[in-house]
Amino acid sequence: MSGDSGKKSRQEWCPAVKEQFFGVEPKSEDPLPAHSQAVAACRGALSDAYRAARVAVVAEEMTRPFDGLLMPSEISDGPSSSPPMRILLMGRTMAGKSTLLAALTGGFAERIGVGAQRTTRDVFAAPALDLPDVEVVDTPGVGAKDGAQDVALAMAEVPGADLVVWVASNDSFQEETAQALRAVAFRGKPVVVALNCRAPLDEELAIEDFLTRPDSVFDQHEGHLRTIRSHLAAAGVRPVTEVLLHAEAARAAQTDDVGAQLRSASRIEALLEVLRRERLERRITRRIVREADEVRAQGLALRAALDGVAVGVREVVSVAGGLRRDQEQRAQRLVEACRQLLEDDIVRLIGQRREWHHGVTDFGAEVGLRWAEEQTSLLADLDSAVKQRVDELLRTLDEASTAAQREWATAVRPQMHVEGLRDFRGLWKRRVAGSVVGTGGALVAAVAGAKIGALAGLSSGPLGAVVGVVVGGIVGALSRSLRMKAQSLFKSKAAILEENRELLRAGIATILEELQAQVLPEVDGTIRDVRRQLTGGFEVQGEKGAAASAVADVVGRLEEAVEAAISTLDLQTVRCLLHADGRARLAASAERATRLPGVFAAVQVRDSASTEAWLFPPSSPEPLTFGRARSHYPGAGAATYVLGLTDQVPVAVRTRANATVVITEAAAPEMVLAAWSEALSHHLGTMVEITRPDAEE
Ligand SMILES: Nc1nc2c(ncn2[C@@H]2O[C@H](COP(=O)(O)OP(=O)(O)OP(=O)(O)O)[C@@H](O)[C@H]2O)c(=O)[nH]1
Ligand SMILES: [Mg+2]
């Protein structure tokens, strides 16, 4: 392990001192088998959670639309083939990054600028020519005016890189890139400084000149290197190595007839040598981190999806509850109005027949027949009144339901916070570019879609159930008894009727009275039926809501299981990294770890190990920072972690109602502090804010 790249002061303790303080280091195990096992276990736990979540979600009508949200987070079966080592070329615009990419990969010369600034605006990776399993990544230049977007793009690549080659040219001010360089340094990546000594090479004479006295090109460099070194030192970092080279010569060597000479004069070999050594030295730790990261990223995506489902379902359930209450009230009003209208109809239609006898002039045998006709028409009128009113009720119920639905659909928030916690890449991009990018954004859209889908699924809801409840029965059932009464009226009193209109009036009135007395309760019964059906429908919907809530609970628990699986993997990863560094004792005392991949890992160790970790920090591709178990004051432990991250004792720790504030004088850029704060908050289970004294009011 190269101790060079880490924090300098503490690691310069003589190893023998460590033994005197803490005893002989126990023998370390080969970390790879244990790590493969941990990765497989994590993968298994994630797959189980994924499957269980999908089973739960599809089982309920209301949560089914959310299945589409889970589907993309299926956990892959096994590790993909180990990805190549990633070497990031970073530095100021025009420094020669794209030229160096062309030199190292043997192609892509078209990416090289021709005089203008900010040529490269994207990230581009290609396999290295002379280094197996290594890819070289070209990035946009940093330090240019209005280049915030470029910086964001380049910085977002840092966590995924194994090594950063900081390309600086000997004809620019290093101050212009100071901020970006410090940001890189604080990310804990090994940094190789490549000073591109730009001498003209555009004419044959110039080439000849360079080949005759190549070393003269590399004369004026110390000032540049000193400045770069001081920026790195501000972050407690020393470059792995500094190399001087002539990128253009190295690139031209590939095509020129004096290639071999140009190549050797370009000093590119020195850089290749460093990269080869780094590749070998970090092979095992790189594999540990990469394998862990692959499954970890899947776990985080799954966790975010589960979170999206749980939050989304809960919201839909609550909106559906509100919608249901609203629909219920609207329905009740409409049904009541319908009942009143229907009663009025009946009273009116029957009332109209009370004067029927006035129209009778012929009291002969025909009168019975005519009354029978009138009676049939009355029944038909009643029937059609009931049908019409109930049809209208159904229609207005449906309209009201749709209107309520429309109104409540807007209550479903289209946006929500589902970004993956501890996803530094996302955090970084958002903070710098101020935009939501990547899977986070897609997830937000998908959640919103699923929520609307779930709500739309309710449309057939309780009102639909009423259809077919009524009609046809009411008057039909009565008509027989009515007919019998009328027949008896005319049979028994036919003779009298002939002479007495008054008797006819009274007889009809009685019949109509009785009819009304029977029809009205019948209508009431129908309305009661409608109400019962509606209530039933609403109850079913309530049950659906409850079932969906239960699904949300299940999904919430699965989310916790995923979280736990990631946490277990993090701890195992850190233990394996410690074993790889020959630090078995520290590995054994690690109790809990939280990784922010590519940035750092916070490791909780037993008290006895804390001092050792602090005095003799282990070397790892990802800086490890240590602290003791959570104490009674959860934020109190934060200071130790910050000390490990910055190599400086924090100037103050303040406890606020909602956060523990750790103030450090370390020159870490704002974004790095924000990322540290977020990950430490998670690790300690309490809000931690790391700030600089000037930011503190
Ligand atoms: N003379 C000389 N010119 C060089 C050297 N390296 C790069 N150049 C020239 O400098 C210009 C910029 O080089 P690039 O490789 O495109 O620079 P870059 O760092 O990728 O720049 P951006 O893409 O804008 O960030 C090109 O015209 C190169 O030919 C060098 O070592 N010597
Ligand atoms: Mg470029």
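I count a residue as buried under 20% relative accessible area, as exposed over 50% and as partly exposed in between, with a 1.4 Å probe and protein chains only. The model is predicted, so I use local features only at pLDDT of at least 70 and side-chain atom pairs at pLDDT 80 or more, while totals for chains, interfaces and linings use all residues. I number residues from 1 along each chain as its sequence is written, and side-chain values use heavy atoms, without hydrogens and water.

Entry: aromatic pairs. I pair rings of Phe, Tyr and Trp (its six-membered ring) if their centres lie within 6.5 Å; planes under 30 degrees apart are stacked, over 60 edge-to-face, the rest tilted. I get four aromatic pairs. For Phe 22 and Phe 616 I find ring centres 6.2 Å apart and planes at 90°, so I log the pair as edge-to-face. Phe 22 lies in helix 2 (residues 15-22) and Phe 616 in the loop between helix 22 (607-615) and strand 9 (624-627), so the pair ties together parts 594 residues apart in sequence. Helices (H or I, at least four residues) and strands (E, at least two) are DSSP runs, numbered from the N terminus. Phe 22 is partly exposed at 23% relative accessible area; Phe 616 is buried at 7%. Ring pairs join Phe 21, Phe 22 and Phe 616 in a cluster.

Entry: lining of the largest cavity. I take lining residues as those with an atom within 4 Å of a point on a 1 Å grid where a 1.4 Å probe fits but cannot get out. The lining includes Glu 328, Arg 531 and Phe 538. Helix 14 (283-353) and helix 20 (501-580) each supply at least two lining residues.

Methods: Chains are lettered from A and ligands numbered from 1 in the order in which they are written. On a 1 Å grid over the protein atoms alone, a cavity is a set of points where a 1.4 Å probe fits but cannot get out, and a pocket is an open set with protein on both sides within 12 Å along at least five of seven lines; lining residues have an atom within 4 Å of a point.
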